[in-house]
Structure formats: C-alpha cells, structure tokens
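Biologist: I would like to learn how to read a model of this kind, one feature at a time. Can we go through it together?

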Amino acid sequence: MLDLKFIRENADLVKEAIKNKNEKADIDRILELDEAKRIAQFNFDQKKADQNRVSKEIGLKKKNKEDASDLLAQMGNVAQEIKDLKNILTDAENALNEAILWVPNMPHPDVPVGKSEDDNQILREWGTKREFTFQALDHVEIAEKNGLLDLERGAKISGSGFPIHTGMGARLERALINFMLDYHLIHHGYQEIMVPSMVNPTAMQGTGQLPKLKDDMYRISEDDMYLIPTAEVPITNFYAGEILKNDDLPKKFVGFSNCFRREAGSYGKDTRGLQRLHQFNKVEMVRFVQPEDSWQVLEEMVNDAEDILKALNLPYRVLRLCTGDTSFASAMTYDLEVWAPGANKYLEVSSVSNFVDFQARRASIRFRDNEGKVQFVHTLNGSGLATPRTIIAILENYQNEDGSFDIPEALKHYLPKI
RNA sequence: GGAGAUGUGUCCGAGUGGUUUAAGGAGCACGGUUGGAAACCGUGUAUAGGUGUAAGCUUAUCUAGAGUUCGAAUCUCUACAUCUCCGCCA
C-alpha cells in the first residue's frame with residue numbers, strides 16, 4: 001500500500017496513477033476517512049490521558065490509605081465514554097484501512113502510459129525463429145503423437161484446465177523444474193525455498209492479491225484459506241511483520257510451487273492445450289533488497305529469467321508493460337514472451353516486477369539501516385519460469401517432421417535414458 | 001480428534017490488580033580506561049499513531065481479539081501458536 005502521508009501530499013499524482021492503471025480507488029474518500037480518523041484519534045487520546053492520570057492518583061491515594069471516593073465518583077462515566085470513543089476510532093480505522101487496500105502502487109515514471117497490452121513496449125528480441133521446411137504442428141498435436149498429455153482424463157477427474165502429464169510428458173515437466181531451480185542456484189546465487197500451497201488471508205493481503213483479486217483465487221472456505229496463485233505469496237510473506245538487520249539484506253529466494261488460478265473472466269480465451277490453466281507449475285524468484293538497489297536488481301532478475309530461455313535456446317522477446325497492463329501492486333513489470341511457432345505467436349512465460357515498498361508496507365517487512373533507522377525493504381519477484389508455456393515452446397521449436405521432438409541440450413542431463 | 005502445560009522486549013528472565021513509566025541479566029552501540037585487547041566503569045538500546053520548527057508531550061502495543069474494573073502483563077472468555085501424553089494417519 002501507499003504511505004498515507006504520501007497520499008495526503010500528492011493526491012493528484014495518486015489519482016492520475018489510479019486512472020492510468022485502470023483502477024477505481026477513491027482518493028477523496030480516503031482523505032475524508034483519514035481526517036475523520038485523526039479527529040477520532042485525538043478525542044480518544046485526550047479522554048484516555050485524563051483517565052490514566054486520575055487512575056494513577058487513585059492508586060496513589062489508596063496506597064497511602066487516603067479516601068479516593070471523590071475521584072472514583074468523578075470517573076463514573078469516563079469508562080463508558082472511552083469505550084464509545086474507542087469504537088468510533090476503531091470504525092474510522094477500519095474504514096480507512098479497508099479503503100487504502102484498494103489503492104494500487106504508483107507506476108515508475110519510465111512506465112509508458114497506456115490502456116492495454118497493445119501499448120506495451122517491446123524492448124528487445126533474442127534468438128532466431130526457426131524456418132520450417134514442413135508444416136509446424138502445435139503443442140497439442142505433438143503431445144498427442146508422443147503421449148505426453150491426457151487432457152480429457154484431467155477434465156474428467158478435476159475439470160478443464162487441470163492437465164495430466166503422462167510418460168515422457170511428466171518426465172519433461174519434472175526435468176524442466178529441476179533444471180530451472182538448479183540453474184538459479186548455481187549460476188545466479190539464489191537460496192532454495194519450498195513453501196506451503198495454502199495461505200491465510202493476511203498473507204494474501206500482504207502481497208496484494210486481496211482484496212482485489214478475490215474472485216481469481218480458490219478459497220477453502222471451511223478453513224478460510226486460499227490456494228496460492230503463485231509462490232510469490234508465501235515466499236514474500238516469509239518475513240512479514242519482521243524487522244530485519246541491515247546485514248540480512250539482500251535476500252534472494254527461488255522456489256517451486258503449484259499455482260492455482262480460477263481465471264475468472266477469461267473463460268474461452270487461450271484455452272487450447274496448456275496455454276491457460278487452473279493449475280500449473282512455476283519456479284519463482286523473490287528478492288528482498290535495500291531501497292536504493294531495487295531498480296538495478298529488477299534488471300538483474302529479468303536477465304536471470306532470460307538466461308533460462310537462452311539455455312533452452314528458445315527465441316523470446318522482452319516487454320515493458322504499460323501502466324494499464326502493469327499489475328495492481330507493481331511499480332514496473334517486464335514480461336518475457338517465448339516464441340511458439342506452432343501457435344504462431346508469443347506466449348508470456350515470465351513476469352518480473354519491482355514492487356518497491358508497496359508489498360513491504362502491506363506485509364510490514366522492514367529493516368534497520370546502517371544508521372539504525374527502520375525502513376521498509378523493497379520486494380521484487382519474477383517467474384523463472386512458468387512451465388506450461390515453456391513446454392509449449394520446447395515442443396513446437398524442437399519438433400521434427402515425423403512428429404517427434406528433440407530434447408534441448410540443457411535438459412538432457414535431467415532426462416537419463418531409461 | 002482428546003487431555004494437560006505454556007506464550008513478557010533482540011535473547012534469557014522477574015512480575016497474581018495501582019509510582020511497572022515492564023525489575024534484573026545477556027547481547028548490541030557509543031564513550032571512558034588500555035600500546036592493543038579482555039576485564040572493568042559510564043551512557044544508550046522497541047514499534048506505530050497524534051501534536052510540535054524542535055526538545056518534548058501524549059495514545060496504543062506483554063501472541064491476537066473480546067470482557068470485568070476508576071485502573072489489567074496480572075482476573076474471565078475465545079482464537080491462534082508451541083511443548084508433552086493419548087488416538088488416528090502418509
């Protein structure tokens with residue numbers, strides 16, 4: 001979330017950011033709630049200070065065996081008054097806290113203003129798109145010929161969007177996950193972490209999924225828990241509510257998890273094969289850094305994600321998302337899109353974002369700097385990578401005329417001959 | 001799932017209703033001492049809100065929430081977490 005003081009002093013800037021991000025938060029209402037809360041706070045504080053003072057006197061008199069009945073009588077209604085003022089204050093706080101949770105992060109000035117994905121900036125492209133001497137198949141056809149997927153039985157057991165990987169398909173999925181994790185550990189110096197797939201509402205609020213994305217997530221109502229849409233949630237919340245030492249930073253974690261998304265509102269879009277799923281696998285990088293380092297680290301993380309595609313020799317491009325496409329909590333996001341010749345389009349396989357102090361404020365992740373001052377950390381995360389579309393790209397780019405496909409050199413070690 | 005115990009600051013730990021404004025210790029930081037260090041001595045050592053140019057004043061927070069009371073770390077209730085035992089189980 002944003003600093004209330006910042007909102008107070010820069011209301012117009014914040015309003016513009018909300019508009020550019022296609023969000024709807026009402027800043028004027030927040031300013032009113034803020035004002036009301038401060039008045040309520042003042043009233044409560046004053047009455048409570050009175051009470052504390054007189055109570056102390058009563059204590060003193062009783063200790064000295066003096067009569068305190070006049071003071072006690074004087075305090076007759078104060079307790080009830082304080083209770084009422086406290087209720088007013090609590091209501092004001094709750095209203096303000098609830099409202100501010102809907103305010104998105106400010107986009108960085110370098111983020112292009114734009115409405116939709118059409119306004120995203122293409123920054124660079126890597127690799128050469130393969131020229132096919134035959135009709136390139138799409139991944140569903142290749143998977144079918146090689147027995148890699150059983151989407152029908154997945155739909156039977158769970159529903160559409162819950163794929164079953166069979167035989168070499170399952171091995172390839174597992175190999176890819178291990179390859180990506182190892183690559184980040186060995187070449188990029190991350191620390192591996194394995195986290196729960198279900199989290200409580202506080203964690204979801206900490207990273208910014210709640211309240212806005214409530215309908216996009218699977219909720220276990222009996223236990224009031226959510227299935228994670230990304231490992232970002234449990235990993236970033238690892239330090240929630242803590243004050244880290246300066247020496248603890250920076251932290252770099254990489255973890256694999258299942259990801260669960262209801263994809264509400266996108267039914268019928270990109271439904272073929274593995275393009276858009278309710279459950280998929282993803283390797284996620286998360287960093288906790290000092291504020292002055294976060295923009296450089298963002299570039300580093302994009303490179304970390306790119307290295308995976310380079311190692312797999314898959315053509316891709318890098319986009320900087322425009323304001324309208326940049327997510328609620330992010331200040332700047334780069335997307336990596338891999339080339340899928342069978343589908344004849346680019347597919348998003350990674351999203352790398354700098355949240356600056358937005359998540360750190362929500363989740364209260366702070367550190368004590370060199371001067372002993374407590375500051376919010378900056379958090380960043382990026383996919384490194386999501387497996388389904390990477391699998392699509394591998395199958396389509398490495399396919400042969402007879403319908404078989406080759407294994408990328410980098411994965412061979414992970415797929416011993418059986 | 002059942003029974004019991006426990007939850008205090010960075011850590012250990014005292015605190016069963018009122019100068020607790022959380023003792024004491026350790027750690028850490030700074031200063032003194034020293035050729036340098038250890039030991040020793042001194043000082044400091046939470047977070048958030050309100051107010052103020054500032055010093056300061058003030059409010060909240062002893063796992064969380066609710067209650068009793070003029071007054072709660074302390075009493076009551078609920079939730080959560082940890083530990084022990086029993087049951088079940090990969």
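Modeller: Start with Leu 385, which is found in strand β14. Keep in mind throughout that this is a predicted model.

Biologist: What kind of peptide bond joins Gly 384 and Leu 385?

Modeller: Omega is the angle to read here. Between Gly 384 and Leu 385 omega is about 5 degrees, and the bond is cis. The bond from Leu 210 to Pro 211 is also cis, with omega near 5 degrees. Pro 211 has its place in the loop between α9 and β4.

Biologist: Which residues is Thr 379 in contact with, leaving aside neighbours within four places in sequence?

Modeller: The list is Thr 236, Arg 287, Phe 288, Ser 353, Asn 354, Phe 355, Val 356 and Gln 359. With Gln 359 there is also a polar contact, side chain to side chain, at 2.7 Å.

Biologist: Now Asn 120. Where does Asn 120 lie?

Modeller: Asn 120 lies in the loop between α5 and β1. Its relative accessibility is 13%, so Asn 120 counts as buried.

Biologist: What does the side chain of Asn 120 reach?

Modeller: The side chain of Asn 120 reaches the backbone nitrogen of Cys 322 at 2.8 Å. A second polar contact, of 3.0 Å, joins the side chains of Asn 120 and Asp 325. Leaving aside neighbours within four places in sequence, Asn 120 is also in contact with residues including Leu 319, Arg 320 and Leu 321.

Biologist: Turning to backbone angles, what is phi of Asn 344?

Modeller: Phi of Asn 344 is near 60 degrees, a positive value in a residue other than glycine. Asn 344 is found in the loop between β10 and β11. With a relative accessible area of 55%, Asn 344 is exposed. Asn 313 is another residue to check: phi is near 55 degrees, again positive in a residue other than glycine. Asn 313 is found in the loop between α11 and β9.

Biologist: How should I read a pair of packed helices? At what angle do α2 and α3 pack?

Modeller: Take the angle and the distance between axes, then list the residues that meet. Helix α2 and α3 pack at an angle of about 140 degrees, and their axes are 10 Å apart. They are therefore oblique to each other. Ala 11, Val 14, Lys 15 and Ile 18 in α2 meet Ile 27, Asp 28 and Leu 31 in α3. By class, this contact has 5 nonpolar, no polar and 2 charged residues.

Biologist: How are α8 and α13 oriented to each other?

Modeller: The axes of α8 and α13 come within 11 Å and cross at roughly 110 degrees. The two helices are therefore roughly perpendicular to each other. Leu 172, Glu 173, Leu 176, Ile 177 and Met 180 of α8 make the contact with Thr 387, Thr 390, Ile 391, Ile 394 and Leu 395 of α13. These residues divide into 7 nonpolar, 2 polar and 1 charged.

Biologist: Last, the RNA. How many residues surround RNA strand B?

Modeller: RNA strand B is surrounded by 23 residues, and the closest are Asp 45, Lys 48, Ser 55, Lys 83 and Arg 366. By class, this surface has 9 nonpolar, 5 polar and 9 charged residues. The most is given by α3, with 14 residues.

Biologist: Which part of the strand do the protein atoms approach?

Modeller: Of the RNA atoms within 4 Å of the protein, 69% belong to sugar or phosphate and the rest to bases. A polar side-chain atom of Arg 8 lies 3.3 Å from a phosphate oxygen, and one of Asn 52 lies 3.1 Å from a phosphate oxygen. For Arg 366, a polar side-chain atom lies 2.9 Å from a sugar or linking oxygen.

Key
Residues are numbered from 1 along each chain as its sequence is written. Chains are lettered from A and ligands numbered from 1 in the order in which they are written. This is a predicted model: local features need pLDDT of at least 70, side-chain atom pairs count only at pLDDT 80 or more; totals for chains, interfaces and linings use all residues. Side-chain values use heavy atoms; hydrogens and water are left out. A residue is near a molecule or strand if one of its heavy atoms lies within 4 Å of it. A polar contact is a pair of N or O atoms within 3.5 Å; within protein, one must be able to donate a hydrogen and the other to accept it, and residues adjacent in sequence count only if both atoms are side-chain atoms. Helices (H or I, at least four residues) and strands (E, at least two) are DSSP runs, numbered from the N terminus. Ala, Val, Leu, Ile, Met, Phe, Trp, Tyr, Cys and Pro count as nonpolar, Asp, Glu, Lys and Arg as charged, and the others, Gly among them, as polar. Buried means under 20% relative accessible area, exposed over 50%, partly exposed in between (1.4 Å probe, protein chains only). Contact means heavy atoms within 4.5 Å. Axes are lines fitted to C-alpha atoms, for helices over the stretch in contact, and angles run from 0 to 180 degrees between N-to-C directions. Angles under 35 degrees count as roughly parallel, over 145 as roughly antiparallel, 65 to 115 as roughly perpendicular and the rest as oblique.
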